[in-house]
Every structure is written in structure tokens, then in C-alpha cells.
Amino acid sequence: MKKIGFLLLLMMFISCEEVIDVDLEETEPRLVIEASLVWNNEEETNLQSIKLTTTAPYFDDEVPPATGASVKITSETGEEYIFEEVTEGIYQNDKIIPVENSTYQLEVIYEDEVYIATEEYYTTPNLLFVEQELGGFSGDEYEFKVFYEDPVDAENFYFFRYLNEQYSLQIYNDEFTNGNQTFAFFTDEDAEEGDLVLFEIQGISGGFYDYMFILRSQAGTSNGGPFQTQPSIVRGNIVNRTNPENFPFGYFRLSEVDVLTYEVK
């Protein structure tokens, strides 16, 4: 009986040490194009960057840069702006001065395939002022309302960012606040008196609003593990003209940004 008990204990120990290999289905790498071009009229520089990478297997630690691509933007009036590769996968240009209500086309040529996207440049209202109060479950969480005046003449979509020790973002459309003074709302349980926090507002297209809405919804329900239900593929506005089945990930957009720095009281 002692020998049997010892053997059972040994088997249990060995089973605890067993390594389980999980075979995850891998697909061919796809191009990822990060092309959010944002201009702040208060800054002197027009420098814009486009980042190209490729997808990688789930357990890889590094994201491969997409090097050697040809990247340019063309305005609706025919001006061409070449983006030079300044480091692996990072392409830059500082010559574009965007025009309100004008359309621009992105062209990326990578590994003999042509990727195209077209988007309008969107302006934004100014951030006006901030109101703060304490709230939340504990009563000591900072709550911020950052106000702006929504234009009355069009349907507008916005992308907001809040930056302190933490980073928060929101998207919004003016369906119920068109033409009114309204606000974006943020909370920060780690903010302290004297902190300088940053608020941003960017004008965006309805297409980018929908794109971010889907991404945010999937991020909110994702547990982040390899055994979770995988989210659906979210495709942006960039198409592969050479081989449509080999579509890229990412989005091309052009936005004005207004920034407001606020000292927590």
C-alpha cells in the first residue's frame, strides 16, 4: 500500500509539471498603417508621422516595422507630399498645411502592393474652460467637465483625450447637442491639487467615429487572454488596390486639435 501511495503521489507531481503547448492559428502578416495626422495651430511645426508595421504571431514580443515603403499624400488640387523614412517604419513630412473642407489621398506602396485611402481634413472648436468637483463612490475622485461650443451648421464628431498620470479618451457626436455649449466629462481618482492636466479635442469624420466606437466596444469586453472569444476584424478606410483580399489594418485621417492645460484646484 505504501508503494501504491508513493506511485500515485509521484504521478500527481509529474502531471503538475506537464507543459501544455497551445497551437494558435497563424495567418500571413498584414500591413498596419497608423496615419492619424493632427495639426495644432498654436505650434510652429507641421511635422507629421506615419507608422508602418506588420502583424506578428500572438506570442511574439516585437512588432516588425515595415521598411522600404513609398508613402505620399496628395491634395485634391494635386500637391504631392512625400513622406521620407527617418527610422525603421517611421515616415515623416513637414510641408503639409491642411485646408478646411479639402480632401487628401494617402498612397502607400509596400512590397509591390498599392494601398489607398481618402479623407477630409476636419477642424475643431476651441476648448473654453473647465469645471471640477469631487465625486465618485468615495467622494474624493476628481470629476472634470471641459466645455466647448458646438457649431450649428453641420453634424460633427469629436475625439477627446485627457492626459495626466492616466490616459483617457472619448468619442462623441453632436446629435443631441448640435449648436449648443456642451462638455466632455472625465474622472481621475489619482489627480491631486496642483497637477497640470491636459485636455484635447479633435474634429473627426463619421467614419472614424464608427471605427473607434467598434474598437472601444471590443476593448471593453476583452479579457486579453488567448482563450477568450476573439473579436471581429475591424477594418479602417484603407484599401489594397492591388490585392483587395490582402487588406491592411489602420486608419487614415486628418484633424485639427485644440489643447487646454488646466491646474487642478
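The model is predicted, so local features need pLDDT of at least 70 and side-chain atom pairs count only at pLDDT 80 or more, while totals for chains, interfaces and linings use all residues. Residues are numbered from 1 along each chain as its sequence is written, and side-chain values use heavy atoms, leaving out hydrogens and water.

**View 1. An open sheet of three strands, in the order S8-S9-S12**. Pairing here is antiparallel; strands (E, at least two residues) and helices (H or I, at least four) are DSSP runs numbered from the N terminus, and two strands pair if DSSP finds at least two bridges between them. S8 (127-135) and S12 (181-188) stand at the edges with a single partner strand each, so one side of each has no neighbour in the sheet. Have a look at S8 and S9 (residues 141-149): eight bridges join them, and Leu134 has Tyr142 in S9 as its bridge partner.

**View 2. Asn237 in the loop between helix H2 (206-221) and strand S14 (239-240)**. Asn237 is buried, at 19% relative accessible area (buried means under 20%, exposed over 50%, partly exposed in between; 1.4 Å probe, protein chains only). Its side chain reaches the backbone oxygen of Phe252 at 2.9 Å. Beyond its neighbours within four places in sequence, Asn237 has contacts (heavy atoms within 4.5 Å) that include Ile116, Thr118, Glu119 and Tyr251.

**View 3. Gln218 in helix H2**. Gln218 also has a place among the buried residues, with 18% relative accessibility. Follow the chain for 16 residues and you come to Val234, whose C-alpha atom is separated from that of Gln218 by 9.6 Å.

Definitions and conventions: Polar contact = N/O pair within 3.5 Å; in protein donor to acceptor, adjacent residues only side chain to side chain.
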